[in-house]
Amino acid sequence: MAAILIHAAIPLTIILVYALVAIWGERKIAGFIQDRLGPMRVGGWHGWAQSIADLLKLIQKEDIIPTNASRFLFKFAPFMMFAASYAAFAVIPFSSAYIGSMINIGVFYLLAVTSILTLSVIMAGWASNNKWSLLGGMRSAAQMVSYEVPTIATVLTVVLVAGSLNLMTVTEMQAGNDTLGFLPNWLIFQNPFLIVAFIIFFISILAESHRVPFDLPESESELVGGYQTEYSGMRWAMFMLAEYADMLLLSLLGATLFFGGWNSPFGDFMGGPAWGFFWFMLKGLLLVFVMMWIRWTLPRYRVDQLMHICWNILIPLSFINLVLTALWEVIF
Amino acid sequence: MIEVISKETGNKEMVINMGPQHPSTHGVLRLELVLDGEIITKVRPHIGYLHRCFEKYAEQMDDYAKVIPYTDRMDYVSAINQEHGYVIALERMLELEVPERVEYIRVIMAELQRIASHLLGIGAFGLDLGAFSPFLYLFTEREKILDIFEKVTGARLLYNYFAVAGLMRDVHPEFKTDTAEFVKTFRPKIKELNDLLSYNKIFIQRTANIGVLPEKVAFNYAASGPVLRGSGVKWDLRKNDPYSIYDRFEFDIPVGTGEVGTLGDCWDRYMVRVKEMEQSLRIIEQALDGMPDEGDVMAAIPKRIRAKEGEIYVRTESPRGELGYYIVSDKSASPFRVKARAPSFVHLSLLPAISRGSLIADMVAIVGSIDIVLGEVDR
Amino acid sequence: MLNAVKQSWLTFKSIFTGMGVTIRHFFGPSVTLRYPEERMELPKGARARLFVNIDDCIGCNLCARACPVNCIDIETVAATKDVDLGKTSTGNPKRFWLTRFDIDMAKCMYCDLCVHPCPTNCIYMVPEYEYSEYDRSNLVYHFSNLEPEMVAEVKEKAEQEAEQKKREREEMMRKKAEEKAKKELEEKKKADEEATKNEKENGGE
Amino acid sequence: MKTPEEIFEYLKNEFGEDALTFEKGDIGDPWILVDAASIKSVSKFLRDDPGMRFNTLMCLSGLHYPKEEELGVVYNLHSTELNQTITLKVRVPIDEPAVPSVEAIWKTADWHEREAYDMVGVTFEGHPNHKRILLPDDWEGHPLRKDYVPQEFYRGVTTRA
């Protein structure tokens with residue numbers, strides 16, 4: 001029992017600490033990109049305690065439920081959303097010494113569990129009984145269902161090369177430093193088609209985690225706040241938390257599949273479980289940084305263009321890529 | 001939820017209120033949208049939330065000059081241009097001579113204000129489409145212009161700087177160097193804007209072929225300024241009906257080209273504004289060269305203006321288009337009637353004509369591309 | 001197919017160009033001020049608050065009349081003959097006690113129209129912008145430096161003088177009227193006398 | 001390019017002397033006073049005639065003349081093709097302020113006419129959406145009339161400061 005609790009507590013702690021840091025970090029990054037400073041007041045050095053202050057404020061806020069909302073679903077949606085992203089962390093290998101649950105179908109489980117996010121977004125959008133929320137919910141349902149296909153196809157490509165659905169095994173086989181003599185044995189350097197796969201994967205996770213240029217469900221300049229319009233206080237904070245957790249989850253998945261997970265880029269140098277955790281988080285956070293960087297650069301797509309990109313470009317491309325990878329594997 | 005069955009398609013339609021409090025209606029504008037899914041079948045703009053009785057105030061004032069600060073408040077983004085139109089109308093009506101130096105300072109100020117206004121318009125347009133950073137970069141540049149204005153006029157937004165046949169105060173000695181410095185630093189920023197936003201493929205996909213305004217419709221709706229020029233019409237009051245001393249300067253009229261989509265789409269209107277800023281810089285440079293260093297900034301006119309009976313309609317090119325003042329005077333000290341023909345008002349009225357059949361996201365782009373200021377729409 | 005590849009490439013290229021611009025800004029300096037610690041220096045002629053140098057004010061009311069929003073409220077009392085209010089620094093003689101000179105900064109629209117008509121340049125804008133208040137009535141600035149007792153005294157004096165003047169005028173009027181009446185009476189008398197004389201003369205004939 | 005006088009002569013040949021009068025104030029622009037009944041046909045002629053080609057209606061304003069107890073509508077026209085300008089004016093009695101709408105000729109007149117109705121109370125016959133534009137639909141009175149007194153209460157809310 002105690003072991004289970006500890007296993008459950010470790011990812012939760014990581015998520016919570018990460019969310020506080022990432023929200024602060026995103027504001028700082030946005031600030032620096034826009035020639036500002038971002039939060040500077042709370043806590044002294046560069047306003048590091050800003051997220052904590054925000055969290056305290058959100059906890060104290062009134063919990064408003066619209067009169068005509070579907071009360072149960074309205075209350076339940078944020079928790080379900082957070083639960084889905086949290087549960088998926090169980091199969092992420094944080095270090096060579098730690099993985100929440102060592103199951104053989106890790107990737108499959110992760111993709112299945114994250115699909116629940118779609119449900120909770122629709123739930124929130126529909127339960128609010130607000131037209132903007134409904135539009136946001138519907139958009140996001142379409143978007144997430146669609147973009148799951150290229151995500152799965154690219155993950156499948158990796159699985160094909162690695163030969164395992166267990167993320168720990170996938171990571172372990174990326175150890176070592178002898179691709180072309182000096183590069184680490186990461187999957188992205190193994191095979192030219194995996195580079196294409198990574199690009200498709202990265203675009204898809206941008207869309208899956210509602211980041212610019214695909215942030216249509218909550219695009220504030222069109223739909224006010226999308227499915228979050230009617231939420232306030234703690235429930236809204238849960239959405240925020242789930243969103244950032246989702247971002248981290250998909251980035252970590254990307255780091256595991258393409259960038260060698262907890263493997264050090266320098267072979268055995270700076271290896272070991274503790275350094276492994278460090279490298280893993282560093283890789284994940286770098287991807288998160290790129291997502292934020294993109295967010296503060298680009299405008300967003302329109303909903304039909306979003307669908308066009310997915311169904312007409314990414315899905316065919318990802319399947320062609322899958323076939324070519326298979327050929328490459330057979331030949332070499 | 002209000003649902004209606006469409007007579008034409010038989011689909012269920014949803015009525016949705018965009019505004020008056022909505023992030024991308026640029027103020028308190030309410031658009032009543034009838035949606036079939038996400039496709040707009042009908043738009044009904046509702047205005048008047050910012051109506052501040054400018055015309056009634058103008059009649060109630062006991063002096064023609066007291067109206068000038070109220071003209072500032074119509075289009076608060078380009079206050080100088082609003083004043084310019086009003087004082088020119090009065091000067092033409094009373095046949096007053098304006099000193100040379102005043103004309104040059106007025107042109108420099110008006111062109112700086114045009115750049116400032118376009119910066120805000122372009123920035124807010126990008127913001128509507130989800131690009132946040134360009135907005136703040138452009139705002140930084142706008143602040144520099146406002147700094148110049150503050151040093152000259154004492155105010156940052158609502159200047160009340162132009163007086164009838166003169167200026168409220170002379171410019172400070174560093175005015176020329178300050179402005180020249182700004183012109184120098186601003187040119188590279190336009191290139192940066194083009195890199196970051198104008199030629200960004202996502203931005204082009206969002207704005208090309210959207211909200212197409214054909215030339216004929218534009219004339220019928222009396223569109224003017226960048227909206228008309230975006231449709232490919234070479235029409236600029238500074239060239240076609242020159243006022244002040246604009247006939248002395250050399251500059252081009254940028255028009256829409258349809259290079260990324262259809263002629264007269266949102267991108268063309270946007271690009272006309274970007275190119276216009278470069279032309280304004282050219283005018284400023286020429287005006288700085290030609291501006292006399294010494295001279296009066298106030299013509300010798302009686303302290304209180306008393307007009308004879310008569311009326312006049314004077315139009316000037318404000319950043320948003322043709323700004324007209326129709327002034328009727330009787331023999332009293334206050335105007336009998338002042339009507340401001342606001343370009344934003346006219347442009348907003350053509351919104352239903354160009355937005356039928358588009359998506360909600362396009363609606364945002366169209367409203368942003370015609371660049372309305374609600375203060376001017378409602379007056 | 002080739003076109004699609006080209007389009008995708010152009011899309012990526014434009015995205016990377018944009019990202020290049022933002023990352024340059026990321027490492028560039030910040031342009032903002034951290035307000036309470038750092039303050040912007042307003043230029044000399046900035047219009048942020050109205051100020052009245054009350055010693056120079058002659059109470060001519062021109063500024064109040066120029067104001068489009070009527071935010072200046074002036075009450076003057078004519079100085080009595082026995083006091084000399086002196087002259088302003090510009091040399092204009094002062095003839096009025098300024099019992100009230102209030103400016104409601106909540107109403108003011110910073111248009112600068114009141115500054116120009118002033119004959120002694122005693123009302124002007126100062127670059128001082130940090131004067132927000134919790135109560136709107138605190139935004140009414142009282143520039144008159146007369147104590148309430150002084151105001152009362154001055155008013156009383158002025159009233160007395162006015163009354164005296166009135167009385168004097170009445171006196172004068174009465175005198176005039178009396179004189180006029182006298183004159184008229186005399187004229188009438190004369191006329192009467194003449195009439196009787198004439199009558200007599202006529203009657204005598 | 002024609003001067004207003006020439007345009008007046010041109011119009012007189014077409015519509016006769018009864019409907020049109022040429023007027024000018026002591027200062028400013030001259031205008032042509034048009035009979036309310038014929039404003040629509042005059043407008044259509046001005047737009048379509050090859051010698052006129054007034055393709056834009058720059059401005060349309062409503063006026064109130066308290067002394068004559070009349071309302072006026074002023075049309076400022078411009079031809080971008082021939083670069084000429086003319087001002088038309090219509091005056092109607094205040095108790096029967098009906099003017100034919102020119103919305104069908106220049107679409108821009110739509111909102112301008114609604115504003116004129118809202119502000120001075122001229123009614124436009126044949127306007128497709130004849131409603132107030134700036135003020136709420138149930139407002140009383142027309143604010144730009146010289147004798148306008150604002151209503152005390154609007155839906156139970158005082159209109160005083």
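Let's start with one pair of residues: B:G310 has D:I27 as its bridge partner in β2(D). Helices (H or I, at least four residues) and strands (E, at least two) are DSSP runs, numbered from the N terminus.

A word on what you're looking at. This is a predicted model, in which local features need pLDDT of at least 70 and side-chain atom pairs count only at pLDDT 80 or more, while totals for chains, interfaces and linings use all residues. Residues are numbered from 1 along each chain as its sequence is written, and chains are lettered from A and ligands numbered from 1 in the order in which they are written.

Now, back to chains B and D. Of the 4 pairs of chains that touch, B and D have the most contacts. A contact here means that the C-beta atoms of two residues, placed from the backbone, lie within 7 Å. On that basis, 31 residues of chain B meet 26 residues of chain D. Which elements of chain B each supply at least two residues to that side? They are α1 (54-60), α8 (215-220), β7 (310-318), β8 (321-329), β9 (335-341) and α12 (343-349). Our opening strand, β7(B), gives the most, with 5 residues. By class, this side of chain B has 14 nonpolar, 6 polar and 11 charged residues. For those classes, Ala, Val, Leu, Ile, Met, Phe, Trp, Tyr, Cys and Pro count as nonpolar, Asp, Glu, Lys and Arg as charged, and the others, Gly among them, as polar.

Chain B also touches chain A. Here 26 residues of chain B are in contact with 22 residues of chain A. Two or more residues come from each of β2 (12-18), α4 (100-128), α5 (133-153), α7 (201-207) and α14 (360-370) of chain B, and α7(B) has the largest share, 4 residues. This side of chain B divides into 15 nonpolar, 8 polar and 3 charged residues.

And which chains stay apart? Chains A and D do not touch, with 25 Å between their nearest C-alpha atoms. Chains C and D have no contact either, and their closest C-alpha atoms are 13 Å apart.

Let's look at chain A by itself. Chain A has 11 helices and 2 strands, and along the sequence they follow the pattern α-α-α-β-β-α-α-α-α-α-α-α-α. Its radius of gyration, taken over C-alpha atoms, is 20 Å, close to the 20 Å that the globule rule gives for 332 residues, so chain A is as compact as a globular protein of that length. The rule itself is 2.2 Å times the number of residues to the power 0.38. The C-alpha trace of chain A spans about 65 × 50 × 45 Å along its principal axes. Of its 332 residues, 50% count as buried. Buried means 20 or more other C-beta atoms within 10 Å of a residue's own, exposed means 12 or fewer, and partly exposed is in between, with C-beta atoms placed from the backbone.

Over to chain C, where 3 strands make an open antiparallel sheet in the order β2-β3-β5. Its edge strands, each pairing on one side only, are β2 (72-78) and β5 (140-142). Inside the sheet, β2(C) and β3 (residues 96-104) of chain C are joined by 7 bridges, and C:I74 has C:F101 as its partner.

There is another strand pair in chain C: β1(C) and strand β4 (residues 123-126) run antiparallel with 4 bridges. C:F51 sits opposite C:Y124 in β4(C).

One more stop in chain C is C:T90, in the loop between β2 and β3. Is C:T90 buried or exposed? C:T90 is exposed, with 12 other C-beta atoms within 10 Å. Leaving aside neighbours within four places in sequence, C:T90 is in contact with C:D56, C:T120 and C:N121.

Let's finish in chain D. The end C-alpha atoms of helix α1 (residues 4-15) of chain D are 16 Å apart, which agrees with the 16 Å that its 12 residues should span at 1.5 Å a residue. The expected span is 1.5 Å times one less than the number of residues. Just after α1(D), D:G16 takes a positive phi of about 80°.

Technical notes
Pairing = 2+ DSSP bridges.
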